Amino acid sequence: MKIAILSPIAWRTPPRQYGPWEQVASMLTEGLVASGHDVTLFATADSLTSARLESVCPGPYGENPEMDAKVWECLHISHLMEKADEFDIVHNHFDFLPLTYSRLISTPMITTIHGFSSEKILPVFKKYAGHTHYISISDADRHPDLTYLRTIHHGIDPSKFQFQERKENYLLYYGRIHPDKGAHAAIEIASLAGYPLKMAGLIQDADYFRSRIEPYIDNAHVTYLGNVGPEAGNELLGKATALLHPIFFEEPFGLSVVEALMCGTPVVAYNRGSMAELLIDGKTGFLVNDIPGAVAAIASLETIAPIDCRKHALERYSKDTMVHGYLEAYELVINEAQRK
């Protein structure tokens, strides 16, 4: 099977630090190559892959403010589409814009919808719904106006996340510094629970960071470690008493949640979006509705066995499980195209 993977170009594939869409595209690409398939990754020129790499964009525009994102996105997407007839299937991880090419190429296209940035983009998905195929990353993120081929949860490489049974005395916030992700709530939860809080992640809203987060950073009770890379992230996740995930939006998935579980670290999360799909309440963490509920859950963390977190992640969120799911989806789409 000849597969083209279209990754975003905001960040390198895989990302050096933040970049969840690029991370998933990379994980899938490497898994497909390991399964013996002929894979071409369309990504930035500095990307790292065992697949064939195609690129027109020299580096990620997220790291270079001089680059015009729209210009490079157009060049990047059109580069793949002009080569589409070389492949059996095109797998789009680039949101809605590549859909506009789907009727102009003969190669079938499958699109993983990594979440909806806005309802304003929905008309594009609706227009091409009958011509291409959509994968949801959680049942919770399915839009009622769209038809999906299936749900395939993200997978991660277990070997990249070390199991840690013995924990250190801190709670962890690990994700974008943005009001939607609840960094401010994590600070309050940790304070009320009597734990120091370590924080790591990309500052996506500078005003929010300055007003709601920075005043509490004292490197004793609250420590901000910056936008850390995978190795530092693995260590932080593995040694934490728990990951705090007090989200204020309907999160489509939550890679940090399954990464924590893979390290054997329970998660205390607000019960919104996909969290009820990712966690087993009372066994791999706790689903709560507010700050008092989170504080009460932290007092019960000793009832969670780290090995149960790891086992759950291995069963549901491994790279191999994700790759198998996508290979089945590819075969369905290719066979349908051949019948037509």
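1. In this predicted model, helix α4 passes helix α5 in a right-handed crossing. Helix α4 covers residues 183–193 and helix α5 covers residues 206–213. Their axes lie 10 Å apart and the packing angle is about 20 degrees. Because angles under 35 degrees count as roughly parallel, α4 is roughly parallel to α5.

2. On the α4 side, the residues that meet α5 are A183, H184 and I187. Their partners in α5 are Y208, R212 and I213. Sorted by class, this contact of α4 with α5 has 4 nonpolar residues, 1 polar residue and 1 charged residue.

3. Aromatic rings are the next topic. The structure holds 8 aromatic pairs. One of them joins W11 and Y18, with 6.4 Å from centre to centre and 90 degrees between the planes, an edge-to-face arrangement. Y18 has a relative accessible area of 24%, so Y18 is partly exposed.

4. F125 and Y134 also form a pair, with ring centres 5.6 Å apart. Their planes stand at 70 degrees, and planes over 60 degrees apart count as edge-to-face, so this pair is edge-to-face.

5. Are F125 and Y134 buried or exposed? F125 is buried, at 0% relative accessibility. Y134 has a relative accessible area of 1% and is buried too. Both values fall in the buried class because the cut-off is under 20%.

6. The pair of F125 and Y134 belongs to a cluster: ring pairs link F116, F125 and Y134.

Conventions:
Residues are numbered from 1 along each chain as its sequence is written. This is a predicted model: local features need pLDDT of at least 70, side-chain atom pairs count only at pLDDT 80 or more; totals for chains, interfaces and linings use all residues. Side-chain values use heavy atoms; hydrogens and water are left out. Axes are lines fitted to C-alpha atoms, for helices over the stretch in contact, and angles run from 0 to 180 degrees between N-to-C directions. Helices (H or I, at least four residues) and strands (E, at least two) are DSSP runs, numbered from the N terminus. Angles under 35 degrees count as roughly parallel, over 145 as roughly antiparallel, 65 to 115 as roughly perpendicular and the rest as oblique. A crossing is left-handed if the near helix is turned anticlockwise from the far one by less than a right angle, and right-handed if clockwise. Contact means heavy atoms within 4.5 Å. Ala, Val, Leu, Ile, Met, Phe, Trp, Tyr, Cys and Pro count as nonpolar, Asp, Glu, Lys and Arg as charged, and the others, Gly among them, as polar. Rings of Phe, Tyr and Trp (its six-membered ring) pair if their centres lie within 6.5 Å; planes under 30 degrees apart count as stacked, over 60 as edge-to-face and the rest as tilted. Buried means under 20% relative accessible area, exposed over 50%, partly exposed in between (1.4 Å probe, protein chains only).
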